[in-house]
Amino acid sequence: MIVVLLILHGLLAVGLLGAITHQALSVLPLASAKGQRTFIDRFRGVNAPAYATPIVVLFVVTAIGGALLYPQYRIDVRPALEDMQNAAANGVFEIKEHLIAIGLGLLPAYWYFWQQPLSADAASARRALTWLLAFFAWWGFIVGHVLNNIRGLLP
């Protein structure tokens with residue numbers, strides 16, 4: 001059951017990463033050469049406000065999935081990392097926990113600033129909140145997969 005939950009957690013995280021990355025790049029003020037639409041321009045060309053609610057839902061559901069997996073991490077993975085004296089791996093996981101908790105706390109403000117009609121005065125707040133959540137989601141994804149791989153390599 002843990003493996004199924006881990007796979008589901010990973011799939012939800014990938015969906016969250018796709019949505020938050022599209023939205024984060026869409027709020028960047030990048031200018032390309034006139035008349036040329038690059039891959040990045042097309043990637044950024046999304047209806048950014050439409051991503052807000054799915055991002056909130058995916059962030060919360062993915063965090064709940066991580067919370068359900070956490071006891072197994074404490075029982076299996078963390079002691080193995082401690083036995084290997086790998087304090088860095090445990091440290092980055094602790095940072096991951098804190099960042100996801102901060103992200104959950106930022107979600108109401110994030111969702112509020114993305115509600116229609118979008119205020120031009122709130123553009124910098126939308127950009128900052130979106131990029132913070134994107135950083136938190138990417139950090140959590142990378143750290144989670146690296147630790148999963150470290151545990152998978154142990155005898």
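A salt bridge is a side-chain nitrogen of Lys or Arg within 4 Å of a carboxyl oxygen of Asp or Glu. In this predicted model, the side chains of Arg-78 and Glu-82 meet in a salt bridge, with 3.1 Å from N to O. The protein has 155 residues, and its secondary structure comes to 5 helices and 0 strands. Helices (H or I, at least four residues) and strands (E, at least two) are DSSP runs, numbered from the N terminus.

The model is a prediction in which local features need pLDDT of at least 70 and side-chain atom pairs count only at pLDDT 80 or more, while totals for chains, interfaces and linings use all residues. Residues are numbered from 1 along each chain as its sequence is written, and side-chain values use heavy atoms, with hydrogens and water left out.

**Overall build**

- From the N terminus on, the elements run α-α-α-α-α.
- Taken along the principal axes, the C-alpha atoms fill a box of roughly 55 × 35 × 25 Å.
- Buried residues make up 35% of the protein; buried means under 20% relative accessible area, exposed over 50%, and partly exposed in between (1.4 Å probe, protein chains only).
- The accessible surface comes to about 9,100 Å², and 70% of that surface belongs to carbon and sulfur atoms.
- Accessible areas come from the Shrake-Rupley method with a 1.4 Å probe, and for residues only the protein chains shown count as cover.
- Of the contacts with a separation of 6 or more, 75% are between residues 24 or more positions apart, where contact means heavy atoms within 4.5 Å.

**Salt bridges**

- Side chains of opposite charge can pair when their charged atoms come close.
- A search of the whole structure finds 2 salt bridges.
- Arg-78 and Glu-82 both lie in helix H3 (residues 52-83), 4 residues apart, which is about one turn of the helix.
- Arg-78 counts as buried at 18% relative accessibility, whereas Glu-82 is partly exposed with a relative accessible area of 43%.
- Arg-78 also forms a salt bridge with Glu-94, and here the closest N and O atoms are 2.5 Å apart.
- Glu-94 lies in helix H4 (residues 87-113) and Arg-78 in helix H3, so this pair ties together parts that are 16 residues apart in sequence.
- Glu-94 counts as partly exposed, at 24% relative accessibility.
- Through shared partners, the salt bridges join Arg-78, Glu-82 and Glu-94 into one network.

**Nonpolar patch on the surface**

- Val-60, Ile-64, Leu-68 and Leu-104 form a nonpolar patch, with about 320 Å² of accessible area together.
- Patches are made of residues with over 30% relative accessible area and no salt bridge; like charges are joined within 9 Å, and nonpolar side chains (Val, Leu, Ile, Met, Phe, Trp, Tyr) within 5 Å.
- H3 gives the largest share of this patch, 3 residues.
- Leu-104 is found in helix H4 and is partly exposed, with a relative accessible area of 34%.

**Largest pocket**

- On a 1 Å grid over the protein atoms alone, a pocket is an open set of points where a 1.4 Å probe fits, with protein on both sides within 12 Å along at least five of seven lines; lining residues have an atom within 4 Å of a point.
- About 900 Å³ of space lies in the largest pocket; grid points are joined across faces, edges and corners, and a volume is the space filled by probe spheres set on the points.
- The lining has 35 residues, and Leu-6, His-9, Gly-66, Leu-69 and Lys-96 lie nearest the centre of the pocket.
- H1, H3, H4 and helix H5 (123-153) each supply at least two lining residues, with the largest share, 11 residues, coming from H3.

**Residues of helix H1**

- Leu-6 lies in helix H1 and counts as partly exposed, at 36% relative accessibility.
- Leaving aside neighbours within four places in sequence, Leu-6 is in contact with Leu-69 and Asn-148.
- His-9 lies in helix H1 and is buried, with a relative accessible area of 17%.
- With neighbours within four places in sequence again left aside, His-9 is in contact with Thr-62, Gly-65, Gly-66 and Leu-69.
- Val-4 has its place in helix H1 (residues 2-26) and is exposed, with a relative accessible area of 55%.
- The C-alpha atoms of Val-4 and Arg-42 are separated by 35 Å, and these residues are 38 residues apart along the chain.
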